[in-house]
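My entries follow in the order I looked things up.

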Amino acid sequence: MKQKIIFICLGNICRSPAADGIMHHLVKERGVEHLIEIDSAGTYGGHAGELPDHRMRRAASQRGYDLTHRSRKFREEDFLYFDKIIVMDDMNYENVCRMAPERKYLDKVHRFVEYSLSFPDRSYVPDPYYEGREGFELVLDMLEDGCARLLDEMLAK
Ligand code: 4NP
């Protein structure tokens, strides 16, 4: 059976669609598309239907990632469908956990920084929306690092 993972941020137009695109790329590269299903969503629905932010699409495309996800809001049913719910920051963590149908589902929620171990000084993936280019590059560096480790862990199961 496929393992299902969803990445969560606030708007689902910068961090989580980039994680989604990087993970799709890694899964294809390793030939494990039949084992892993990937999605992303935001806790805020104001950008629903939009492609990722143009600055993130440009920065990602320079690293070989084509980001085509359309923004959507995280829903309570996602707790039932997905095996792993990976959040980018503490606000996402609080907002997602508040939507859990029962306490037992909280075990599915993890912070992305549990996997981006090459960035030990970072306790969350910073929101690049109001940042310059370096903000987007830092996010992509963290996401590449953590997604590789996350996939290793999922495939080891
Ligand atoms: P994201 O970035 O959570 O990484 O997608 C943001 C996108 C939009 C907004 C904030 C953060 N916003 O305020 O609209």
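**Helix 1 against helix 5.** I started with helix 1 (residues 15-29) and helix 5 (residues 133-155), which pack at an angle of about 50 degrees with their axes 9 Å apart. I took helices as DSSP runs of H or I with at least four residues, and strands as E runs of at least two, numbered from the N terminus. Axes are lines fitted to C-alpha atoms, for helices over the stretch in contact, and angles run from 0 to 180 degrees between N-to-C directions. Helix 1 and helix 5 are therefore oblique to each other. The cut-offs I used: under 35 degrees is roughly parallel, over 145 roughly antiparallel, 65 to 115 roughly perpendicular, and the rest oblique.

The model is predicted, so I noted its limits: local features need pLDDT of at least 70, side-chain atom pairs count only at pLDDT 80 or more, and totals for chains, interfaces and linings use all residues. Residues are numbered from 1 along each chain as its sequence is written, and side-chain values use heavy atoms, leaving out hydrogens and water.

I then listed the contact (heavy atoms within 4.5 Å). From helix 1 come R15, A18, A19, I22, M23, L26 and V27. From helix 5 come V139, L140, L143, E144, C147, A148, L150, L151 and M154. By class, the contact of helix 1 with helix 5 has 14 nonpolar residues, no polar ones and two charged. Here Ala, Val, Leu, Ile, Met, Phe, Trp, Tyr, Cys and Pro count as nonpolar, Asp, Glu, Lys and Arg as charged, and the others, Gly among them, as polar.

**Helix 2 against helix 5.** Next I checked helix 2, which packs on helix 5 at an angle of about 55 degrees, with the axes 10 Å apart. That makes helix 2 oblique to helix 5. R55, M56, A59 and A60 in helix 2 meet F136, E137, V139 and L140 in helix 5. I sorted the contact of helix 2 with helix 5 into six nonpolar, no polar and two charged residues.

**The core.** Which residues touch the most other members of the largest nonpolar core? I found I5, F7 and M23, in a core of 35 residues. Strand 1 (3-9), helix 1, strand 2 (36-42), helix 2 (54-61) and helix 5 each supply at least two residues of this core. Helix 5 gives the largest share, ten residues. Another core, of 13 residues, lies apart from it, with F74, F82, A100 and Y105 among its members. A nonpolar core is a set of buried Ala, Val, Leu, Ile, Met, Phe, Trp, Tyr and Cys residues joined through side-chain atoms within 4.5 Å. Buried means under 20% relative accessible area, exposed over 50%, and partly exposed in between (1.4 Å probe, protein chains only).

Leaving aside neighbours within four places in sequence, M23 is in contact with I5, F7, I38, C147, L150, L151 and M154.

**L150 and Y115.** L150 lies in helix 5. I read a relative accessible area of 0% for L150, so L150 is buried. Beyond four places in sequence, L150 is in contact with I5, F7, M23, K84, I86 and Y115. F112 is 38 residues from L150 along the chain, yet their C-alpha atoms are separated by 8.9 Å.

Y115 sits in the loop between strand 4 (109-111) and helix 5. Y115 is buried too, with a relative accessible area of 5%. I noted its contacts, not counting residues up to four places away: K84, I86, H110, D145, G146, R149, L150 and E153.

**Two loop residues.** Is N12 buried or exposed? I found N12 buried, at a relative accessible area of 0%. N12 is in the loop between strand 1 and helix 1. Its phi is near 55 degrees, a positive value in a residue other than glycine. Most residues other than glycine have a negative phi.

Last, I looked at G46, in the loop between strand 2 and helix 2. G46 is partly exposed, with a relative accessible area of 44%. G46 and I36 are ten residues apart in sequence and 28 Å apart in space, C-alpha to C-alpha.
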